[in-house]
Amino acid sequence: MRNLKKDGQYFDTDGTWFKGNLHMHTTRSDGRLAPEEAEKIYSDAGYDFIALTDHWKEGESGKYGDMLLFPGGELDAGDMLHSPVYHIVGIGMKEKTGLSYDTGRDPQLVIDAIHKAGGIAILAHPSWSVTDPEKVMKLQGFDGVEIYNTISGIPWNGARADSSQYFDIWASNGRIYYAMAADDAHGFTGEETYSYIMVNSTGKTQESIMDAVRGGNFYASQGPVIKQITRNGRKIEVECEGAAAAVFYSNCIWCADRYQQDPGSHVCYELTEFDRYVRVELIGADGKKAWSSPFEV
C-alpha cells in the first residue's frame with residue numbers, strides 16, 4: 001500500500017499517464033447503446049482504455065482502434081431487503097469467474113472468484129448502495145473503491161454519486177482503499193466521458209496498466225490534474241493543473257489550511273500532530289474534481 005510516512009513522492013512517474021473508464025453498461029445488460037457505439041464514444045473522447053462491465057456478463061479482451069478493451073463485469077450481492085447490497089466490478093479476468101446470479105449472494109465469494117480468475121475487484125458506488133462502511137471493512141481483497149460514479153448523481157439519480165466521506169471513515173479507522181472514479185454509464189445522456197482514472201503505466205498494455213492499478217499508481221478525476229504528491233518533512237506538496245481550489249482531508253477535524261483557493265500549479269499542506277492519513281481533492285472552476293487516494297502519513 002502506498003504511503004508518505006517519510007519524505008518522497010506518491011506516484012511513480014517513469015511511465016506514461018493513460019486515461020480510462022472501468023465501469024459502464026451496454027445493451028448486453030441494461031445500457032442503451034450497443035457495445036460498438038459505447039466504444040466509439042470513449043475512443044473519440046481520447047480514452048486509452050475502457051471496460052464494458054455489463055451486469056453478470058463478463059466481457060473479453062480486445063481493442064477499438066488504439067483504445068484497449070479490458071474484460072469486465074458487474075457482479076452484485078445482497079437483495080436490499082434481507083442483506084446489504086454490494087455491487088462489485090471485476091476487471092481484467094483471464095478466465096470466467098464461474099459465478100451466476102444465484103451464487104453471487106456472498107460478497108466475499110464474489111471478490112475471491114474475481115481474484116482467482118486473475119482480475120481486480122472494485123467496490124462500486126458505496127454511497128448510492130447505502131453500504132455500511134463497517135461491514136465493508138470485514139471483507140478482504142478490494143483492489144479499489146469508487147469515490148465517484150457519475151450516474152449516481154443528479155439528474156440521473158439522487159445526489160449519491162460522491163462517496164468520498166466513506167474513505168475518511170475507513171482511513172480514520174486504519175483501512176486505506178484506492179479511490180477510483182467511473183461513469184457507470186447506462187443511458188448515455190450526458191453521464192458518459194465525465195469521471196475517469198489517470199494511470200501512470202510503463203506501457204499501454206492491459207498487463208502493465210493492471211499492474212499500475214493494483215499498485216495504486218493512479219488518481220481519479222473529472223478534469224483537474226494531479227501531477228505529483230510529495231512529502232518534505234511536515235509538508236505535503238501537490239503539483240497540479242486546472243484547480244481553482246484544493247482541499248486536504250484527514251482524520252484531524254479542523255486545521256487552518258484545510259481549504260485553499262487559487263493554488264495555481266503548486267499547493268502545500270502542513271501536517272498537524274493529529275494526522276494519520278491525508279487525501280487530496282482538487283476542484284476546478286467548473287466544479288469538476290480530482291481525487292487522490294488516502295495515504296498514511
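In this predicted model, D184 lies in the loop between strand 10 (179–182) and strand 11 (196–201). Phi of D184 is near 55°, a positive value, although the residue is not a glycine. Most residues other than glycine have a negative phi, and most peptide bonds are trans. Is D184 buried or exposed? Its relative accessibility is 3%, so D184 counts as buried, because the limit for that class is under 20%.

H125 also deserves attention. This residue, again not a glycine, has a positive phi of about 30°. H125 sits in the loop between strand 8 (120–123) and helix 3 (133–136), and it is buried, with a relative accessible area of 1%.

I turn next to a peptide bond. The bond from I154 to P155 is cis, with omega near 10°. P155 belongs to the loop between strand 9 (144–149) and helix 4 (164–172).

Four strands form an open sheet with antiparallel pairing, in the order 1-13-14-17. Strand 1 (8–9) and strand 17 (266–270) stand at the edges; each has a single partner strand, so one side of each is left without a neighbour in the sheet. Strand 13 (residues 225–232) and strand 14 (residues 235–241) are joined in the antiparallel sense over seven bridges. R231, for instance, has I236 in strand 14 as its bridge partner.

Finally, I come to the largest pocket. Its volume is about 170 Å³. Which residues line the largest pocket? They are D76, G78, D79, M80, V85, H87, Y101, W128 and S129. By class, this lining comprises four nonpolar, three polar and two charged residues.

How values were computed
Residues numbered from 1 in each chain as written. Predicted model: local features only at pLDDT ≥ 70, side-chain atom pairs only at ≥ 80, totals over all residues. Heavy atoms only, no water. 1 Å grid on protein atoms, 1.4 Å probe; cavity = no way out; pocket = protein on both sides within 12 Å on 5 of 7 lines; lining within 4 Å. Points joined across faces, edges and corners; volume = space filled by probe spheres on them. Nonpolar A, V, L, I, M, F, W, Y, C, P; charged D, E, K, R; others polar. Pairing = 2+ DSSP bridges. Helix = DSSP H or I, 4+ residues; strand = E, 2+ residues; numbered from the N terminus. Buried < 20%, exposed > 50% of the residue type's maximum accessible area, 1.4 Å probe, protein only.
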